[in-house]
Number of protein chains: 2
Amino acid sequence: MNIAILGTGIVGTTIGMKLIDIEHNVMMGSRSASNEKAMAWKAKAGSNASVGTFADAARHGEIAFNCTLGVASLEALRSAGAENLKGKILIDVSDPLDFSKGFPPFLSVSNTDSLGEQIQREFPDTKVVKTLNTTNTYIMVNPSLIPGEHDMFICGNDAEAKVKVEDILRTWFGWKIIYDLGDITNARATEMLLPIWVRLYGKLSTANFNFHVVK
Amino acid sequence: MNIAILGTGIVGTTIGMKLIDIEHNVMMGSRSASNEKAMAWKAKAGSNASVGTFADAARHGEIAFNCTLGVASLEALRSAGAENLKGKILIDVSDPLDFSKGFPPFLSVSNTDSLGEQIQREFPDTKVVKTLNTTNTYIMVNPSLIPGEHDMFICGNDAEAKVKVEDILRTWFGWKIIYDLGDITNARATEMLLPIWVRLYGKLSTANFNFHVVK
């Protein structure tokens, strides 16, 4: 499948490499078509990988992953272009973490709104599915890095899009327990997991952990 | 030990009954010394139980549990009186859930502040320890209701008070895994777990679940 990765950070390059490993055609988009990190990724990822602007990548992808920093996501997606994302699934893995006042970060939007909702409002013709944002990127694409049961959450307004993304989570990445929380307003809840995530990260000195709902 | 329970709801009566069961002298405080729910609790709880105003209870307790509704906690604690809580440990189990716009509730304070911090700021001579606020009240006092490993969080500014409260969690209630997140500002993180808690509660149709950090 032709897939767009928007963002060249550790999340974008890790998800991008995983998608290459399972034989997809991945274009990584960023502000500049000659972004150094994207070029380095392409050099490692091989012939199924390509690099372009946010708009190039959005045009290329049948689906797109938003892997930009949460505080910069709306600007990046505007640059990608509503017309290039129209009718497509956008898997939003970002969190609105604001480090401008140091660690731990606060959320630039929360409680009565969320980044997922902001994106969905600004791109009404795109099917925004919020998921993967509650764990680190290596676990996102390989949940078996952590032993035992642990969970992923998903939300979005389009039921069919969520079915497709759940299938992606299960068959491409290996997720087993997935809670569909409902419409995109539920992104508030998963984004608000980040404050405890970052504190546990500080405390445990590892990002290799995830949450499990024990019943 | 003489203990104050502030609040007469399900959280107050459940914790109060548990403390009676393990032989403590518990006074339940509320706005009125003849509160019906407190009187009903006392009738069941027996001779080690007593009922009074918030101030009566705060005076009685060597430690106090804040079991009032989060949106009403500051007012209740003012009524209890700073002088009656001075030098004491206040275990704050409440969450600032605002249901005024329906379900799911939002938080009346979050992200860059928390109820735990508001209480600590207003009662600087009281040792506020935030804990137990991330699970339902039956699990608070009996974590073995849920099989397997699951976790409790604690935070507060006074290290010695936290040691005492950790001991209470372990020896009185049976908690095994407790993460000390640091000072009271970390109440932001545990209170911000509530948005996903309430959604999971809606989805699972049970409150008998808890979070576990899987590593």
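Guide: This is a predicted model, and we begin with contacts: two residues are in contact if their C-beta atoms, placed from the backbone, lie within 7 Å.

Visitor: Which residues is Ile5(B) in contact with, leaving aside its neighbours within four places in sequence?

Guide: By that cut-off of 7 Å between C-beta atoms, the partners of Ile5(B) are Gly12(B), Ile15(B), Gly16(B), Val26(B), Met28(B), Gly29(B), Ala57(B), Phe65(B) and Cys67(B). Ile5(B) is also listed, with Leu6(B), Ile5(A) and Leu6(A), as having the most contacts inside the largest nonpolar core, which has 130 residues.

Visitor: Why are β3 and β10 of chain A said to stand at the edges?

Guide: The open sheet has eight strands in the order β3-β2-β1-β4-β5-β8-β9-β10 (chain A), with mixed pairing. β3 (49–53) and β10 (177–182) of chain A each have a single partner strand, so one side of each is left without a neighbour in the sheet.

Visitor: What makes β8 and β9 of chain A a pair?

Guide: A pair needs at least two bridges; β8 (residues 127–131) and β9 (residues 151–156) of chain A have three, in the antiparallel sense, and therefore qualify. Within this pairing, Val129(A) has Gly156(A) in β9(A) as its bridge partner.

Definitions and conventions. Residues numbered from 1 in each chain as written. Chains lettered and ligands numbered in written order. Predicted model: local features only at pLDDT ≥ 70, side-chain atom pairs only at ≥ 80, totals over all residues. Core = buried A, V, L, I, M, F, W, Y, C linked by C-beta atoms within 7 Å. Buried ≥ 20, exposed ≤ 12 C-beta atoms within 10 Å, placed from the backbone. Helix = DSSP H or I, 4+ residues; strand = E, 2+ residues; numbered from the N terminus.
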